[in-house]
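Colleague: I would like to learn how to read a model of this kind. Could we go through some features one by one?

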Amino acid sequence: MARENQNDILKLGSYELKSRLFVGSGKYATYEIMQQALAASGCEVVTVAVRRERLFDNRQRNILDFIDRDHYRILPNTAGCFNAEDAIRCARLGRELLEMDWVKLEVLGDKQTLLPDPIGTLQATETLVKEGFTVLVYTSDDPVLAQRLEEAGATSVMPAAAPIGSGQGVLNPNNIRIILERAKVPIIVDAGVGTASDVTIAMELGAEGVLLNTGIAGARDPVRMAQAMKYAIEAGRQAYLAGRIPKKLYASASSPLEGTIGTNA
């Protein structure tokens, strides 16, 4: 039986969350739109890139002034880092600035595709875990690498649905299934989702959550899309917990064939 949402808690290290939707803070036209979208999404966790140049806007307003720390948990991320050393440095900086001991780790390997560097990602994970960080690590949908990151001590492994910002949705559900089947830590699908149905698919596969940014910030109406993502994450989670019927090649009558009016006893 599916549990009620309020009792369906996601645990990430010492953090306990009711919402399984993680939302980014970049690419919005204004901070005010970002504020409205975050509220509409129902999220509890907002990611902020430590090294982002737009920590201040063109009016010198700080993005952190538009995120209510009493309502949201800020998750520092190392977006824009292309080697383990930079990512580790950003994680340490985020811990000092935001007083948070968790980090969304990204170590990218290519500026065009923004695919992760598997070696750098593993190295940075090992170092940050040793330093006491709760590491949520962005990776490709490679089941072997996901397992290695878990073994390195990652609190959560975050395979990409598709390339960052591409909006292509879950391109390789089979790999995500393999990762989920083997994992002993929460799997959060990260990057590449474009609309509500993409989020629902990820959750129906059994993901513990979804992290996204561009799918909301880049929508024609970000606030309305944020609300759609909220419903999508809830619908996908409930469908997964309920357990879908198996797919069959042939039809199966939805009403009983025996004992109905007009049939012989």
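Colleague: In which loop does Lys 27 lie?

Modeller: This is a predicted model, and in it Lys 27 sits in the loop between β3 and α1 (31-41).

Colleague: What is the phi of Lys 27?

Modeller: Phi of Lys 27 is near 75°, which is positive in a residue other than glycine.

Colleague: Is Lys 27 buried or exposed?

Modeller: The cut-off for exposed is over 50% relative accessible area. Lys 27 has 52%, so it counts as exposed.

Colleague: Where does Leu 114 lie, and what is its phi?

Modeller: Leu 114 is in the loop between β6 (102-105) and α3 (118-130). Its phi is positive, about 55°, although Leu 114 is not a glycine. With a relative accessible area of 25%, Leu 114 is partly exposed.

Colleague: Let us turn to strands. How do I read their two faces?

Modeller: In a regular strand the side chains alternate between the two faces of the sheet. Take strand β3 (residues 21-24): Leu 21 and Val 23 are on one side, and Phe 22 and Gly 24 on the other. These four residues are all buried, and both faces of β3 are covered.

Colleague: Which strands pair with β3, and in what sense?

Modeller: β3 runs parallel to β10, and 3 bridges join them. Strand β4 (residues 45-49) also pairs with β3 in the parallel sense, over 3 bridges.

Colleague: How many residues of α6 are buried?

Modeller: Buried means under 20% relative accessible area. In α6, 7 of the 10 residues are buried, so this helix is largely enclosed by the rest of the structure. The buried ones are Ala 196, Asp 198, Val 199, Thr 200, Ala 202, Met 203 and Leu 205.

Colleague: What covers the buried residues of α6?

Modeller: The cover includes the helices α5 (173-182) and α8 (222-242), and the strands β9 (188-190) and β10 (209-212).

Colleague: What does the chain do just after α6?

Modeller: Gly 206 takes a positive phi there, of about 115°.

Colleague: Where is Gln 238 found, and how far in space is Gln 238 from Glu 204?

Modeller: Gln 238 is in helix α8. Gln 238 and Glu 204 are 34 residues apart in sequence, while their C-alpha atoms are 8.2 Å apart in space. Gln 238 counts as partly exposed because its relative accessibility is 25%.

Colleague: How do I read the protein as a whole?

Modeller: Begin with the inventory, which is 8 helices and 10 strands. For 265 residues, a compact globule would have a radius of gyration near 18 Å; the protein has 20 Å, which agrees. The C-alpha trace spans about 80 × 40 × 35 Å along its principal axes.

Colleague: What share of the residues counts as buried?

Modeller: Of the 265 residues, 47% count as buried. The accessible surface comes to about 13900 Å², and 49% of that belongs to carbon and sulfur atoms.

Colleague: How many charged side chains are there, positive and negative?

Modeller: There are 29 positive and 32 negative side chains, and the centres of the two sets lie 2 Å apart.

Terms used: Residues are numbered from 1 along each chain as its sequence is written. This is a predicted model: local features need pLDDT of at least 70, side-chain atom pairs count only at pLDDT 80 or more; totals for chains, interfaces and linings use all residues. Side-chain values use heavy atoms; hydrogens and water are left out. Buried means under 20% relative accessible area, exposed over 50%, partly exposed in between (1.4 Å probe, protein chains only). Helices (H or I, at least four residues) and strands (E, at least two) are DSSP runs, numbered from the N terminus. Contact means heavy atoms within 4.5 Å. The radius of gyration is taken over C-alpha atoms; the globule rule is 2.2 Å times the number of residues to the power 0.38. Accessible areas come from the Shrake-Rupley method with a 1.4 Å probe; for residues, only the protein chains shown count as cover. Lys and Arg count as positive and Asp and Glu as negative; His and the chain ends are not counted. The place of a charge is taken as NZ of Lys, CZ of Arg, CG of Asp or CD of Glu. Two strands pair if DSSP finds at least two bridges between them.
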